[in-house]
Amino acid sequence: MEKRYGRITGWGAYVPEKVLTNHDLEQLVDTSHEWIVQRTGIHQRHIAGPEETNATMSVAAARRALQKANLAATDLDLIIVATTTGDFITPAVSSQIQHMLGATNVPAFVLANGCTGFLYALTTAQQFISGGVYRNILIIGSELLSRYVDWTDRNTCVLFGDAAGAFVMQATSEPCGLFGFDMGSDGSGSQHIIAPAMGSAEPVNATTFAERRHFIRMNGREVFKFATRVLGSTSQRSLAQAGMTLDDIDCIVPHQANLRIIEAAARAMNLPIERFLVKVHKYANTSAASIPVAICDGLDSGEIRLDDRLLLVSFGSGLTWASAVLQMAPTLQKPRYSNGVAEPATAEWVTA
Ligand code: UT7
């Protein structure tokens, strides 16, 4: 069989309209804009309105991605939704999304892996494409974290935001897509990011409710140490699998959790911070949505191009890590830069 690559032909993001600034948070908990900016780099986050759900945000992002790919929902062979904040514990939000999109009878599933979920989903989709099973796959990373954080806990509530990002991956014989990946898990650190009373281990009751154990709790310092430990090593493994080095990479797209973590990764890789795509100031930590939303923003702003070689790298609950070398589209014949400025992505590039 001819080798099949997974080209990203569509991409789309959705962020809710409502913006919550650090100054707004000063009214809710004992914090300050200065503390949040200095410790995290976050200036604001988007928060879903009362009518919005994980499914509606996902569908909005997915429709944009399908339109870019010029694909109907019925053309899809598979939908993978990376999220841990679906509308219900059951049914899986993937089936709601499939129905709302009108993707009749298309198989759909949720991949629940916190902040690394989108990279796990991307890698999973690639396997279905390269195995020749499916041709058109919708991959969504979506989180409605504002309904899972404890708005009285300053350790967590300042960090997160709501958003959804979607990619359409299509089979092609032209070299592009995922050139290498790495994934890993260390469950010995599972207690460091946990919603203790949101599952079957500790069903919600009056006591767990009063103790607010149904909200996310985090040992930020431990997660910080873990992140700085794994980001460099997982990146090296993905690069090695791709047969590349950091010199072959145009831009690094890290999980957008904390600017200080990104700066630490830059130091570990011996790279200037300018080589990293940074969007954490605008959206805060949107978990599984953070990487696709950052990529959509970077394509719109012209900071990255569809044929750039991107190193995607993430860490999160589990604890887990993941990285991937991704070139969304085949190499273009156009000059990479005009007058020293990266050209923004345009629709015609997709078919170029
Ligand atoms: O996607 C993966 C999800 N998780 C993460 O990405 C989290 C990774 N960790 C982090 O980003 C950082 O550890 C935090 C931003 C969460 C915290 O930064 P830090 O520099 O590690 O602060 P810290 O936990 O060492 O806390 C320093 C102080 C503490 O006070 P004391 O105990 O020293 O008196 C906290 O109580 O800062 C206090 N603090 C705050 N102060 C003002 C914690 N949160 C706040 C706040 N405003 N919002």
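Which polar backbone atom is 3.0 Å from a nitrogen atom of the ligand? I looked this up and found that the atom belongs to Arg 154, where a polar contact is a pair of N or O atoms within 3.5 Å; within protein, one must be able to donate a hydrogen and the other to accept it, and residues adjacent in sequence count only if both atoms are side-chain atoms.

I note that this is a predicted model, in which local features need pLDDT of at least 70 and side-chain atom pairs count only at pLDDT 80 or more, while totals for chains, interfaces and linings use all residues. Residues are numbered from 1 along each chain as its sequence is written, and side-chain values use heavy atoms, with hydrogens and water left out.

I found a polar side-chain atom of Trp 35 at 3.4 Å from a nitrogen atom of the ligand, and an N or O atom in the side chain of His 255 at 2.8 Å from an oxygen atom of the ligand. On its own the ligand has 950 Å² of accessible area, of which the protein covers 77% (Shrake-Rupley method with a 1.4 Å probe; for residues, only the protein chains shown count as cover).

**Shell.** I listed 23 residues surrounding the ligand, and the closest are Thr 31, Arg 39, Arg 221, His 255 and Asn 258 (a residue is near if one of its heavy atoms lies within 4 Å). By type the shell divides into 11 nonpolar, 7 polar and 5 charged residues, with Ala, Val, Leu, Ile, Met, Phe, Trp, Tyr, Cys and Pro counted as nonpolar, Asp, Glu, Lys and Arg as charged, and the others, Gly among them, as polar. Helices H2 (33–40), H6 (154–157), H8 (220–242) and H9 (259–269) each supply at least two shell residues, and the largest share, 4 residues, comes from H8 (helices, H or I, of at least four residues and strands, E, of at least two are DSSP runs, numbered from the N terminus).

**Backbone.** I then checked the peptide bonds and found that the one from Thr 90 to Pro 91 is cis, with omega near 5°; Pro 91 is in the loop between strand E4 (78–82) and helix H4 (93–101). Gly 318 and Leu 319 are also joined by a cis peptide bond, with omega about 0°, and Leu 319 is in the loop between strands E12 (310–316) and E13 (320–327).
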